[in-house]
Amino acid sequence: MKFATKAIHAGQEPDPTTGAVMTPIYQTSTYWQKSPGDNKGFEYSRGTNPTRKALEDCLAALENAKYGLAFSSGMGATDAVLKLLQPGDEVITGNDLYGGSYRMFTKIFTKYGIKFHFIDLTNPENIRPFINDKTKLVWIETPTNPTMQIIDIEEIAKITKEKNLILTVDNTFASPYLQNPIDLGADIVIHSVTKYIGGHSDVVMGALVTNNDQLYKDLWFIYNACGATPGPQDSFLVLRGIKTLHLRMKAHCENGERIAHFLKNHPKVDKIYWPGFEDHPNHDVAKKQMRGFGGMISITLKNADLTETFRIASNFKVFTLAESLGGVESLINHPATMTHGSIPKEEREKVGVTDNLLRLSVGVEDIEDLLEDLGNALAEV
């Protein structure tokens with residue numbers, strides 16, 4: 001099946017009892033067993049639930065993978081991957097990283113003897129000097145949050161396979177519509193389902209997908225044993241959201257491109273980060289591994305201190321100043337004090353996450369209203 005068909009049908013069969021086209025919300029914690037251990041594949045909803053299973057099968061199909069696991073948040077999914085490791089193991093990851101991931105890596109897992117290397121991954125060869133016999137995992141985002149670094153998944157995967165390392169790719173910013181890391185050699189793909197996949201700012205959820213049988217077994221054990229699994233209502237809402245993922249992503253991309261070009265030469269904008277520009281670092285890699293450039297854009301404001309940046313961020317009428325991204329509504333975010341506030345100032349500023357940087361999640365509203373809102377908010381006082 002092509003993507004749009006998978007988004008609407010994968011993992012979802014008419015309900016055998018009633019013929020319901022939409023997967024029912026199986027709001028149950030436990031399941032009848034004919035005799036001990038003799039059940040219909042479901043025992044207890046922390047581990048398995050029919051509504052969630054339909055979602056997991058759909059997510060796997062969208063990423064061209066065999067296995068999917070849904071978690072109660074993106075951080076729950078991240079936590080599960082890190083629990084594959086042992087004390088003394090080492091992880092190579094990017095120097096531009098979602099603040100929540102950085103916080104978990106540095107504040108939680110370093111206490112258990114895991115060492116993290118935060119490096120520039122825009123050149124895949126940069127990882128080689130950090131690989132040793134303790135290295136077990138390479139964790140990348142692409143595009144990165146929030147400076148839209150583009151990392152060559154296929155080239156990184158060649159190195160991780162050569163060295164027998166696990167490659168995990170956070171595909172949240174691109175979504176399965178624009179990019180499929182499993183096809184490029186990734187072992188695990190992670191999503192904050194809260195974002196583009198859910199798409200309506202009404203669910204918090206995460207997901208992992210993989211083709212690797214042993215990784216799936218290990219991750220499923222952690223998923224069931226530790227219990228960061230979502231309920232059936234949220235699973236139903238995400239299944240419903242996925243049915244329009246292809247339509248929404250087209251609109252996000254179209255609006256994102258218009259807004260990126262509007263902002264590129266705006267007198268109030270100093271730098272703009274959007275991988276669709278030919279002068280964006282690794283633009284050719286983005287063209288190779290993505291089917292579009294998405295609706296995420298970051299800008300720095302010219303000659304703006306924190307007060308002026310806050311004034312502009314608070315001056316929008318259509319864009320909403322809020323955490324998160326990927327919903328149908330346009331959002332604006334100040335990473336230094338919001339999504340990336342947990343990263344020390346000197347560390348985030350090394351990669352350009354400065355106090356005058358704003359991140360836009362371009363929604364699917366009428367483009368003329370969005371452009372007018374940007375023009376008004378950026379107007380000189």
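The axes of helix α3 (residues 74–82) and helix α4 (residues 99–108) come within 11 Å and cross at roughly 40°, where axes are lines fitted to C-alpha atoms, for helices over the stretch in contact, and angles run from 0 to 180 degrees between N-to-C directions. Helices (H or I, at least four residues) and strands (E, at least two) are DSSP runs, numbered from the N terminus. The contact (heavy atoms within 4.5 Å) is made by the residues tabulated here.

| Helix | Residues in the contact |
|---|---|
| α3 | M75, T78, D79, L82 |
| α4 | G100, S101, M104, F105 |

The model is predicted, with local features needing pLDDT of at least 70 and side-chain atom pairs pLDDT 80 or more, while totals for chains, interfaces and linings use all residues. Residues are numbered from 1 along each chain as its sequence is written, and side-chain values use heavy atoms, leaving out hydrogens and water.

Strands β2 (residues 90–94) and β4 (residues 135–141) run parallel and are joined by 4 bridges, and T93 stands opposite W139 in β4.

N282 lies in the loop between β8 (269–273) and α10 (283–289). Its C-alpha atom is separated by 7.4 Å from that of T122, 160 residues apart along the chain, and the side chain of N282 reaches the backbone oxygen of I150 at 2.7 Å.

Methods
A polar contact is a pair of N or O atoms within 3.5 Å; within protein, one must be able to donate a hydrogen and the other to accept it, and residues adjacent in sequence count only if both atoms are side-chain atoms. Two strands pair if DSSP finds at least two bridges between them.
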